[in-house]
Amino acid sequence: MASETSATTTESCDRRLLRLERIESPLIAQLAAAIGHLRTAGEHADPAASLAHYPGRTVRDLTGWVGGNVQMVAELLVPLIAPHTRVEITSYGVLHQDPPAGDALTLDLTTALRNPPEDPAVREVMIASTGLDQVVYDYVLATPGAVEIAERTALRVLAQAAALPGQPVALHVYCRGGRHRSVTLARRVGELCEALGAAVSVTHRHAHLPVQESAR
């Protein structure tokens with residue numbers, strides 16, 4: 001599955017951004033660069049996993065760049081783009097070998113955040129629940145880094161909308177079993193996008209299926 005978009009769509013985005021960067025306006029050029037970066041650097045929760053896109057860069061470089069681009073997009077782009085954006089979010093579990101079809105932005109949670117059923121203190125409750133239940137939703141979002149991942153992903157969605165105006169943005173959020181982390185983050189990203197004015201639909205592909213004991 002492509003981590004961002006299909007080759008045809010990506011080329012279209014890149015050509016559009018290149019044209020923006022050539023406009024004699026430092027602000028527009030910065031925005032174009034920020035949009036392009038957020039489209040390629042946010043799939044993985046760990047910045048080190050994105051270094052392959054940026055030869056010669058360090059994790060520190062990438063972290064600082066992400067921070068600056070997030071601030072720029074949030075302040076200048078979100079108010080203009082969000083009200084005209086349609087977002088289609090799907091959560092799923094890779095262990096089911098039944099991913100959603102189509103090209104999309106992706107958020108990989110297979111090794112990010114703690115899998116709730118692995119916590120002995122809440123294991124029984126978590127096995128009987130999903131990210132659609134408030135107890136799981138609260139638990140996952142309380143995990144260090146979860147809120148930041150959701151916020152960054154919402155901005156990635158809007159950056160994609162800016163690169164392809166008028167087209168819906170698809171986001172596929174996946175963990176191992178598709179019941180806890182992916183469902184919670186899909187819900188939270190949807191809530192953030194909706195709060196900014198976007199039209200959002202969220203589908204949970206595997207939340208109703210039994211817990212996968214090998215999920216990590």
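Two strands pair if DSSP finds at least two bridges between them. In this sense, Tyr92 stands opposite Tyr174 in β3. The model is predicted. Its protein chain has seven helices and four strands, and 46% of its 216 residues count as buried.

**Overall layout**

- Among contacts in the protein chain with a separation of 6 or more, 80% are between residues 24 or more positions apart.

**The sheet**

- The four strands make an open sheet, ordered β2-β3-β1-β4, and their pairing is parallel.
- β2 and β4 (199–204) are the edge strands, each with a single partner, so one side of each has no neighbour in the sheet.
- On average, and ignoring direction, neighbouring strands are turned by 15 degrees against each other.
- Seven bridges link β1 and β3 in the parallel sense.
- Besides the pair Tyr92 and Tyr174, Val87 stands opposite Val169 in β3.
- β3 is also joined to β2, by four bridges, and these two strands run parallel.
- Leu105 has Leu171 in β3 as its bridge partner.
- Six of the seven residues of β3 are buried, so this strand is largely enclosed by the rest of the structure.

**The nonpolar core**

- The largest nonpolar core contains 33 residues, and those with the most contacts inside it are Leu109, Leu113, Val173 and Leu185.
- Two or more residues of this core come from each of β1 (86–93), β2 (105–108), α5 (134–142), α6 (146–163), β3 (169–175) and α7 (181–195).
- α6 supplies the largest share of the core, with eight residues.
- Leaving aside residues up to four places away in sequence, Leu109 touches Ile149, Val173, Tyr174, Cys175, Arg181, Ser182 and Leu185.
- In soluble globular proteins, nonpolar side chains tend to be buried together.

- Which residues of α5 are buried? They are Val136, Tyr137, Tyr139, Val140 and Leu141.
- The cover over the buried residues of α5 includes α4 (123–127), α6 and α7.
- α5 packs against α7 at an angle of about 85 degrees, and the two axes are 9 Å apart.
- Angles of 65 to 115 degrees count as roughly perpendicular, and α5 and α7 are therefore roughly perpendicular to each other.
- On the α5 side, the contact is made by Gln134, Val136, Tyr137, Val140 and Leu141, which meet Arg181, Thr184, Leu185, Arg187, Arg188 and Glu191 in α7.
- Sorted by class, the residues in this contact of α5 with α7 are five nonpolar, two polar and four charged.

- Leu185 is among the residues with the most contacts inside the core, is touched by Leu109 and takes part in the contact of α7 with α5.
- Arg181 is likewise touched by Leu109 and meets α5 from α7.

Notes. Residues are numbered from 1 along each chain as its sequence is written. This is a predicted model: local features need pLDDT of at least 70, side-chain atom pairs count only at pLDDT 80 or more; totals for chains, interfaces and linings use all residues. Side-chain values use heavy atoms; hydrogens and water are left out. A nonpolar core is a set of buried Ala, Val, Leu, Ile, Met, Phe, Trp, Tyr and Cys residues joined through side-chain atoms within 4.5 Å. Buried means under 20% relative accessible area, exposed over 50%, partly exposed in between (1.4 Å probe, protein chains only). Contact means heavy atoms within 4.5 Å. Axes are lines fitted to C-alpha atoms, for helices over the stretch in contact, and angles run from 0 to 180 degrees between N-to-C directions. Angles under 35 degrees count as roughly parallel, over 145 as roughly antiparallel, 65 to 115 as roughly perpendicular and the rest as oblique. Ala, Val, Leu, Ile, Met, Phe, Trp, Tyr, Cys and Pro count as nonpolar, Asp, Glu, Lys and Arg as charged, and the others, Gly among them, as polar.
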